[in-house]
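Hi,

Here is the structure I promised to send over.

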Amino acid sequence: MASPSGIASDRYRDAIRPAAPPYVFKDAVGGALRTTATMGAIGLFFSSVQNTLTKQNVTAWTVITKFGGQRPPSGIAMTFADFTLVRTFPAILGLGAGLAVAEAVFDYTGGSLWGWKRDLERDEYEHKEMLRTTRRRPLQETLDQLGEGRGIYGPGYEERRAQRIKENYGIEVPRSVS
């Protein structure tokens with residue numbers, strides 16, 4: 001029996017367009033949390049390895065404070081990739097390349113989105129010495145604000161100290177000849 005013109009029979013229609021596969025439920029939130037925990041554990045492991053290979057004596061907290069800086073963005077990116085159900089190899093490579101570029105820019109700007117915090121070409125010791133010499137306060141101003149003692153002594157302090165001890169306690173203090 002011939003079908004009317006322009007209308008395909010059921011048999012021909014299924015051959016042209018196959019039936020959609022049945023819906024399969026996927027727990028995206030659970031998968032994202034599982035990926036976050038896995039990537040966090042892997043990042044903690046790598047930070048621990050870096051911590052044990054340091055030459056300085058460091059504490060256990062440096063796993064987080066010193067070596068854990070770039071681990072969270074990696075874990076977040078992989079969580080995002082798992083949450084969005086991107087499962088193809090090119091998509092994962094693209095997300096990884098994008099994350100690598102973002103982390104490189106973040107590292108290049110000194111770990112800040114607002115640029116360098118300090119000049120890496122500058123010698124820190126020479127800079128601090130320059131600041132000490134150019135911004136040093138006069139001794140008399142410091143003595144007026146803080147008073148003598150605690151390592152800050154003005155000229156003639158030994159004589160004033162000996163006089164004060166003699167007046168208060170009656171003890172003669174030997175003076176060093178300088």
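One term before the rest: buried means under 20% relative accessible area, exposed means over 50%, and partly exposed is in between (1.4 Å probe, protein chains only). This is a predicted model, where local features need pLDDT of at least 70 and side-chain atom pairs count only at pLDDT 80 or more, while totals for chains, interfaces and linings use all residues. Residues are numbered from 1 along each chain as its sequence is written, and side-chain values use heavy atoms, leaving out hydrogens and water.

The protein chain has eight helices and zero strands (DSSP runs: H or I of at least four residues for helices, E of at least two for strands, numbered from the N terminus). Of its 178 residues, 17% are buried.

Now the salt bridges (a side-chain nitrogen of Lys or Arg within 4 Å of a carboxyl oxygen of Asp or Glu). There are four in the structure, and here are some of them:

- E172 pairs with K166, with the closest N and O atoms 3.3 Å apart. K166 is partly exposed at 43% relative accessibility, whereas E172 is exposed at 56%.
- R160 and E148 meet at 2.2 Å, N to O. R160 sits in helix α8 (residues 157-169) and E148 in the loop between α7 (139-146) and α8, so this pair ties together parts 12 residues apart in sequence.
- E129 bridges to R132, the closest N and O atoms being 2.8 Å apart. Both lie in helix α6 (residues 124-134), three residues apart, which means about one helical turn separates them.

Cheers
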